[in-house]
Amino acid sequence: MSLKTRLQNKEIMVTPGVFDGLTASLAEAAGFEALYLSGAAVAYTRLGRPDIGLTTASEMADTMTLIADRSSLPVIIDADTGFGNALNAQRTMRLYERAGASALQMEDQTYPKRCGHLADKSLISAEEMVGKIAAMADARASEETLIIARTDAIAVEGFTAAEDRAEAYLEAGADVLFIEAPQDRTQLEQIATRFSRRIPLLANMVEGGATPITGADDLEDLGFSIVIFPGGIVRALARTAQDYYQSLSKHGSNKPFAEHMFDFDGLNTVIGTAEMLKKGARYDGSDD
């Protein structure tokens, strides 16, 4: 089932953030229907840096290619601002689509952008964003590839301006709307009331961010179609990694941490080592 077809279902799609083949495979094994390749998560893990526009389109495309090789699930990829003007956005569309993305999320910030839950963002004009959306639609190879239009206007221009921008992006041909960082439940309700009957809506849950954490069932009742948890996996792994390194430094051994980690065989089971070796044996003549 394509992502476009899945979104015709009223049941909300819970979409976890991933940043490489391992996290993608673990998320797929957990039973999720789609994945979200987070630009923030790639910045956190590949660069060890904050989400302030430091990642490049090629780094994201490379990561998308590796995830598509490991998982069959549809992937929503963070396209930031399209990495420039409308022509850059078209190139980003072609690059990400060839890499295997099912949907591109693009926002109306200036470049370089910053995380939607950080302060001091700045925006391009609504007219320029409308042009970028149209440009991306013209560049996509398949109508099944979705354009998710995000506006960061709540924090910059206010809630009414964000709704007005979303209206313009809908009319420009966006397939999904993403109004970033609602500040309370009332704003979530207002977004759903105005748009949910006309276009799928995406909600972003960031632990410690500007939007109150709201469960998937609750968001579904409001009228949202997708909820993403983009950076949660990195926050979880970073906390575990910090504890692990401190334990190893203190004890000079992993024995005290053993209950909190896979052993050699355990990880090989998770990543399917035996199955891959058996598959390879079918092709090299050693499978008797």
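**Ground rules.** I am working with a predicted model, where local features need pLDDT of at least 70, side-chain atom pairs count only at pLDDT 80 or more, and totals for chains, interfaces and linings use all residues. Numbering runs from 1 along each chain as its sequence is written, and side-chain values use heavy atoms, with hydrogens and water left out.

**Helix H7.** I took helices and strands as DSSP runs numbered from the N terminus (H or I, at least four residues, for helices; E, at least two, for strands). H7 covers residues 159-172, 14 residues in all. From first C-alpha to last it reaches 20 Å, close to the 20 Å expected at 1.5 Å a residue. The expected span is 1.5 Å times one less than the number of residues.

Next I looked up burial. Buried means under 20% relative accessible area, exposed over 50%, and partly exposed in between, with a 1.4 Å probe and protein chains only. In H7 the buried residues are Phe159, Ala161, Ala162, Glu163, Arg165, Ala166, Glu167, Tyr169 and Leu170. What do they pack against? I found helix H6 (126-139), strand E5 (146-151), strand E6 (176-179) and helix H8 (185-195). Contact here means heavy atoms within 4.5 Å. After H7 comes Gly173, with a positive phi near 115°.

**Aromatic pairs.** Rings of Phe, Tyr and Trp (its six-membered ring) pair if their centres lie within 6.5 Å; planes under 30 degrees apart are stacked, over 60 edge-to-face, and the rest tilted. How many pairs does the structure hold? I count three.

Phe83 and Tyr111 are edge-to-face, at 6.1 Å centre to centre and 65° between the planes. This pair links distant parts of the chain, 28 residues apart. Phe83 sits in the loop between strand E3 (75-78) and helix H5 (86-99), and Tyr111 in the loop between strand E4 (103-107) and H6. Phe83 counts as buried because its relative accessibility is 13%. Tyr111 is at 42%, so it counts as partly exposed.

Tyr244 and Phe257 are also edge-to-face, at 5.6 Å and 70°. Phe257 counts as buried because its relative accessibility is 10%. Ring pairs link Tyr244, Tyr245 and Phe257 into a cluster.

**Pockets.** The search uses a 1 Å grid over the protein atoms alone. A pocket is an open set of points with protein on both sides within 12 Å along at least five of seven lines; a cavity is a set where a 1.4 Å probe fits but cannot get out; lining residues have an atom within 4 Å of a point. Points join across faces, edges and corners, and volume is the space filled by probe spheres set on them.

The largest pocket holds about 690 Å³. Its lining has 26 residues, with Leu22, Leu26, Leu237, Thr240 and Phe262 nearest the centre. Which element gives the largest share of this lining? H10 does, with seven residues.

The second largest pocket has a volume of about 240 Å³. Among its 13 lining residues, Lys10, Ser196, Gly223, Phe224 and Ser225 lie nearest the centre.

**Cavity.** I get one cavity of 30 Å³ or more. About 60 Å³ of space lies in the largest cavity. Of its 13 lining residues, Ile179, Pro182, Leu188, Leu202 and Ala203 lie nearest the centre. Strand E7 (202-204) gives the most to this lining, three residues.
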